[in-house]
Amino acid sequence: MIKTLVPPCEALKLPVAKVAGTKDSKKLKYKGLRMELTITQPDDWHLHLRDGDLLKAVVPHSTSHFGRAIVMPNLQPPVTTTDSAMAYHESIMKALPADSKFTPLMTLYLTDTTSPHEIKLARRSGVVFAVKLYPAGATTNSQDGVTDLFGKCLPVLEEMAEQNMPLLVHGEVTDPNVDVFDREKVFIDTILQPLIRRLPQLKVVMEHITTMDAVKFVESCKEGSVAATVTPQHLLLNRNAIFQGGLQPHNYCLPVLKREIHRQAIVSAVTSGSKRFFLGTDSAPHERRKKECPCGCAGIYNAPVALSLYAKVFEEMGALGKLEAFTSFNGPDFYGLPRNTTKIKLSKTSWKVPEAFSFSFGDVVPMFAGDTLEWQPSFI
């Protein structure tokens, strides 16, 4: 167990944190009036890096905190082959800061015409680690996604199970007759549950879960075969955040934010210590002009603030001792990859989120722009 030497709260003016964990995995200490938490360097198991100038602009925000990241393939054109994934991997490596040790883990974009042979090539590449399912029309650049999973993709899914290649799922139906707030639940009922019954050996990650229905589904499945990533926005915001004080385009993402009861269910699941849930920011940068317009893009850019926000959630739940497993252990364990050996430090130090990051092509507005956060990460 971790021992915490906590001065009187009146003197610190900080909340008491309940901390539990093994003595060699977490270190929580106070330096004067500053609380510090040392954890194994996290990974981001769901990240959008884009390409071109935007890639070069935003990648340092992820490499400054995370050791590895599962990189989404929804570019234009999408990353549908192993060759294109390797080319995208090379582009990312060239965009990294000179001293970076960041490792991008590539994914393929599943289509109606993806072949089982492509899955074999992907597994042998050593670069591709998963395949992403976008139902056609579900989110940004998903128009080339799957239209009939069982009718057109079953041989590919069977090969993925054979190759132990995880399927990453954007879990929403795109039927216009289904309410946007119900699309995750309907997807679970009509697609995911039948898929797991048909291919129980297929590893599945339900990404960026947003509902208590998703929590219950993941918890009902065999541990190690089905897991979920969780974003900062779905832990901290409910759907009111889209509309309070006027329409808030920088709080608009897909899957859309849900009711408070769903947010609470996700927080409880994530901070429970369950191995089924792990960090996936779904950080999705867009230029300001593409967010603040009549038909704004979906996506929240949270890479610069994600670790601070995750720490905030765990502290508020009295679960800082469980933060490291969520950020640093559960993801690599599910993928069968080694855990990172480097450490980072989270300091209880107030810092202000920039109003925007300005680049030659325009501004990118981060999550909680202009707000003051209390946890600041840094390498040791």
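Visitor: Which residues line the second largest cavity?

Guide: The model is predicted. In it, the second largest cavity is lined by His250, Ala284, His286, Lys291, Gly299, Ile300, Tyr301, Val365, Pro366 and Met367. The space inside this cavity is about 60 Å³, and the count of cavities of 30 Å³ or more comes to 3.

Visitor: What makes the lining of the second largest cavity divide into nonpolar, polar and charged residues as it does?

Guide: The classes come to 6 nonpolar, 3 polar and 1 charged. Lys291 belongs to the lining, and Lys counts as charged. Gly299 also belongs to the lining, and Gly counts as polar.

Visitor: Which residues lie nearest the centre of the largest cavity?

Guide: His48, Thr139, Leu254, Asp282 and Ala284 lie nearest the centre, out of 17 lining residues. The volume of the largest cavity is about 120 Å³. By class, its lining holds 6 nonpolar, 8 polar and 3 charged residues.

Visitor: Why is aspartate 282 called buried?

Guide: Buried means under 20% relative accessible area. Aspartate 282 has a relative accessibility of 7% and therefore counts as buried. This residue sits in the loop between E10 and helix H11 (288–291).

Visitor: What about the phi of aspartate 282 calls for comment?

Guide: Most residues other than glycine have a negative phi. Aspartate 282 is not a glycine, yet its phi is positive, about 55 degrees. Histidine 208 is another non-glycine residue with a positive phi, about 40 degrees. The loop between strand E8 (204–206) and helix H8 (212–220) holds histidine 208. At 2% relative accessibility, histidine 208 is buried, since the cut-off is under 20%.

Visitor: Which residue follows H6, and what is its phi?

Guide: Asparagine 164 follows H6, and its phi is positive, near 55 degrees.

Visitor: Which residues of helix H6 are buried, and how is this decided?

Guide: A residue qualifies if its relative accessible area is under 20%. In helix H6 (residues 154–163) the residues that qualify are Leu154, Val156, Leu157, Glu159, Met160 and Ala161. Their cover includes helix H4 (116–125), strand E6 (128–133), helix H5 (149–152), strand E7 (167–169) and H7.

Visitor: Where does isoleucine 191 lie, and with which residues is it in contact beyond its neighbours within four places in sequence?

Guide: Isoleucine 191 belongs to helix H7 (residues 183–198). Beyond those neighbours, its contacts are Leu149, Phe150 and Val186. Contact requires heavy atoms within 4.5 Å.

Visitor: How do you know that the peptide bond from leucine 254 to proline 255 is cis or trans?

Guide: Its omega is near 0 degrees, and the bond is cis. Most peptide bonds are trans. Proline 255 lies in the loop between helix H9 (232–236) and H10. A cis bond also joins glutamine 76 to proline 77, with omega about -5 degrees. Proline 77 is placed in the loop between strand E4 (68–71) and helix H3 (82–95).

Visitor: Is serine 274 buried or exposed, and on what value does that rest?

Guide: Serine 274 has a relative accessible area of 17%. Because buried means under 20%, serine 274 is buried. The residue stands in the loop between helix H10 (260–270) and strand E10 (277–279). Apart from neighbours within four places in sequence, serine 274 is in contact with Ala269 and Asn330.

Visitor: What makes the pair formed by serine 274 and arginine 276 a polar contact?

Guide: A polar atom of the serine 274 side chain lies 3.2 Å from the backbone nitrogen of arginine 276. The limit for a polar contact is 3.5 Å, and the distance of 3.2 Å is within it.

Visitor: Why is the protein said to be as compact as a globular protein of its length?

Guide: The protein has 13 helices and 14 strands. Its radius of gyration is 20 Å, close to the 21 Å given by the globule rule for 380 residues, so the protein is as compact as a globular protein of that length. Buried residues account for 58% of the 380.

Definitions and conventions: Residues are numbered from 1 along each chain as its sequence is written. This is a predicted model: local features need pLDDT of at least 70, side-chain atom pairs count only at pLDDT 80 or more; totals for chains, interfaces and linings use all residues. Side-chain values use heavy atoms; hydrogens and water are left out. Helices (H or I, at least four residues) and strands (E, at least two) are DSSP runs, numbered from the N terminus. Buried means under 20% relative accessible area, exposed over 50%, partly exposed in between (1.4 Å probe, protein chains only). A polar contact is a pair of N or O atoms within 3.5 Å; within protein, one must be able to donate a hydrogen and the other to accept it, and residues adjacent in sequence count only if both atoms are side-chain atoms. The radius of gyration is taken over C-alpha atoms; the globule rule is 2.2 Å times the number of residues to the power 0.38. On a 1 Å grid over the protein atoms alone, a cavity is a set of points where a 1.4 Å probe fits but cannot get out, and a pocket is an open set with protein on both sides within 12 Å along at least five of seven lines; lining residues have an atom within 4 Å of a point. Grid points are joined across faces, edges and corners, and a volume is the space filled by probe spheres set on the points.
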